[in-house]
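Subject: Structure for you to look at, with notes

Dear colleague,

I am handing over the structure we spoke about, and I would be glad if you could look it over with the notes below at hand. Please open it before reading on.

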Amino acid sequence: MRIPAIYKEKKPVFSLEIFPPKRKTNRESLYEAVEQLAKCEPDFISVTYGAGGNIADNSTCEIASNIKKNYGIETVAHLTCVNSTREDVQEMIARFQDADIENVMALRGDIVPGEDIKREFKHANELAIEIQRKCNDQLEILGACYPEGHYQSESLDSDIQNLKYKIGAGVRVLITQLFFDNTAFYEFLDLARSAGITVPISAGIMPIVKATQIEKTVQLSGASLPHDFTAMISRYEHDPERLYEAGIDYAVGQIRDLIDHGVDGIHLYTMNDPNVALRVHDEIADLLPKRRSEACFE
Ligand code: FAD
C-alpha cells in the first residue's frame with residue numbers, strides 16, 4: 001500500500017522505525033524483534049539506510065521486502081544520496097522495485113567533515129527528482145524534516161523554505177527528527193503550514209530509556225531539552241530501572257499531548273527494542289484509530 005493513502009484513511013497514523021543490524025548474522029534477532037513489533041499493528045515500518053551509502057550493502061532493501069512479505073506490514077525503505085553516484089541510486093531504485101517496495105524515504109545523508117563525498121547529489125530534493133524520473137510515480141516518496149531546524153540551516157525559516165523544494169520534487173509525507181519539546185513541534189507546524197506545506201507530517205518520538213542514549217542520541221540530535229526532560233535525566237541517570245520507566249512515561253506524555261493536538265502521525269524510533277515500543281504502544285492504544293483485530297469483532 002502506498003503510504004500517503006494510509007494518511008488519508010487514518011489519523012493519527014502509527015509507524016515504527018528500525019535499523020539493519022551491523023552484522024548479517026544478527027538478522028534473525030531483528031526479525032524476532034519485528035515479530036514482537038507486529039503486535040503494535042503499526043501502519044508501516046521504515047528501515048534506515050547505512051550512513052555511508054554503500055551500494056554493496058543491500059540490507060535495507062532485503063529487510064523492508066521481507067517484513068512486507070512475511071508479516072504483511074507495509075514498509076518504507078530509506079535511501080541516502082550524498083555519497084552515491086547517479087548510477088548507484090538508479091541501481092538501488094531498481095532493486096527496491098524488483099523487491100516490490102512501494103515507498104522510499106529520500107534523504108541526503110549526513111556529511112562527515114573531511115570525508116570525500118561523491119557530490120552528484122547535493123540535497124534530498126535532487127534524489128526525489130531522480131526517483132520520480134526513474135519510476136514515473138511507481139514509488140511514493142517520503143522525506144525528513146526538522147522541528148528545530150536542520151543543523152546546517154541558517155534559520156528555521158530558511159530550512160522550511162528549503163523543505164518546499166522536497167515537496168516540489170514529489171515528497172508526499174514528512175517525518176520529523178526526534179524532539180523532546182512539543183512546543184517546538186507546534187511552532188514548526190504553524191510555520192510549515194503558513195509556508196504552504198500541506199503534506200502530512202508525522203512526529204518522530206524516541207523514548208530515552210538508557211543512560212547511554214543520553215550522550216549518543218540526545219546530544220547528536222541537537223534537540224532542545226525542556227526542563228521536565230533534564231530533571232528526569234538528572235534524577236534517574238544512575239538508576240537504570242527508574243530511568244527506563246521515566247523515559248517511557250515521558251515519551252507517552254509527549255505522544256498523548258501530540259494526539260490531543262491532532263497530529264497526523266506518530267513515528268516511533270524503536271532502536272530495534274520491541275519491549276519499549278510495545279510498552280509505549282499499550283499506553284497510547286486508546287487514542288489510536290481502531291486496529292484491524294479489534295474492528296473484526298464489531
Ligand atoms: P536535505 O533535505 O538535503 O537538507 C539538508 C540541509 O540542506 C538543510 O539544512 C536544508 O535546509 C538544506 N537544503 C535542502 N534542500 C536544499 C536546496 N535545494 N538548496 C539549498 N539548501 C537545501 N540518515 C541516514 O544516513 N540514513 C537514514 O536512513 C536516515 N533516516 C532519517 C530519517 C529521518 C526521519 C530523519 C529526520 C533523518 C534521517 N537521516 C538518515 C539523517 C539525515 O540523512 C540527515 O539529517 C541529513 O543531514 C539531512 O538529510 P535531509 O534528507 O533532511 O537533507
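Predicted model: local features only at pLDDT ≥ 70, side-chain atom pairs only at ≥ 80, totals over all residues.

The chain as a whole

The protein chain contains twelve helices and eight strands. Its C-alpha atoms fill a box of roughly 50 × 50 × 40 Å along the principal axes, and its radius of gyration is 18 Å, which agrees with the value near 19 Å that a compact globule of 298 residues would have. Of those 298 residues, 53% count as buried. When contacts between residues at least 6 apart in sequence are taken together, 81% of them join residues at least 24 apart.

Salt bridges

Side chains of opposite charge can pair when their charged atoms come close. With a cut-off of 4 Å between a side-chain nitrogen of Lys or Arg and a carboxyl oxygen of Asp or Glu, the count comes to 14 salt bridges. I describe three of them here.

In one of them, the side chains of Glu140 and Arg2 meet with 2.7 Å between N and O. Glu140 belongs to strand 5 (residues 140–145), whereas Arg2 lies in the segment before helix 1 (3–9), so this pair ties together parts of the chain that are 138 residues apart in sequence. Glu140 is buried, at a relative accessible area of 5%, while Arg2 is partly exposed, at 27%. The pair is also part of a network of salt bridges in which Arg2, Glu140 and Arg172 are linked.

Another salt bridge joins Arg27 and Glu62, whose closest N and O atoms are 3.0 Å apart. Here the pair links distant parts of the chain, with Arg27 in helix 2 (residues 27–37) and Glu62 in helix 3 (residues 59–71), 35 residues apart. Arg27 counts as buried at 10% relative accessibility, and Glu62 is partly exposed, with a relative accessible area of 26%.

Glu130 and Arg86 likewise form a salt bridge, with 2.5 Å between the closest N and O atoms. This pair too links distant parts of the chain, as Glu130 sits in helix 5 (residues 124–135) and Arg86 in helix 4 (residues 86–98), 44 residues apart. Glu130 counts as buried at 2% relative accessibility, and Arg86 counts as partly exposed at 32%.

Glu102

Glu102 is placed in the loop between helix 4 and strand 4 (103–107), and with 24% relative accessibility it counts as partly exposed. Which residues does Glu102 touch, if those up to four places away in sequence are not counted? They are Met1, Arg2, Lys68, Glu74, Gln138, Leu139 and Glu140; among them are Arg2 and Glu140, which meet in the salt bridge described above. The C-alpha atoms of Glu102 and Leu139 are 4.9 Å apart in space, although the two residues are 37 apart in sequence.

Technical notes. Residues numbered from 1 in each chain as written. Heavy atoms only, no water. Helix = DSSP H or I, 4+ residues; strand = E, 2+ residues; numbered from the N terminus. Buried < 20%, exposed > 50% of the residue type's maximum accessible area, 1.4 Å probe, protein only. Rg over C-alpha atoms; globule rule 2.2 N^0.38 Å. Contact = heavy atoms within 4.5 Å.
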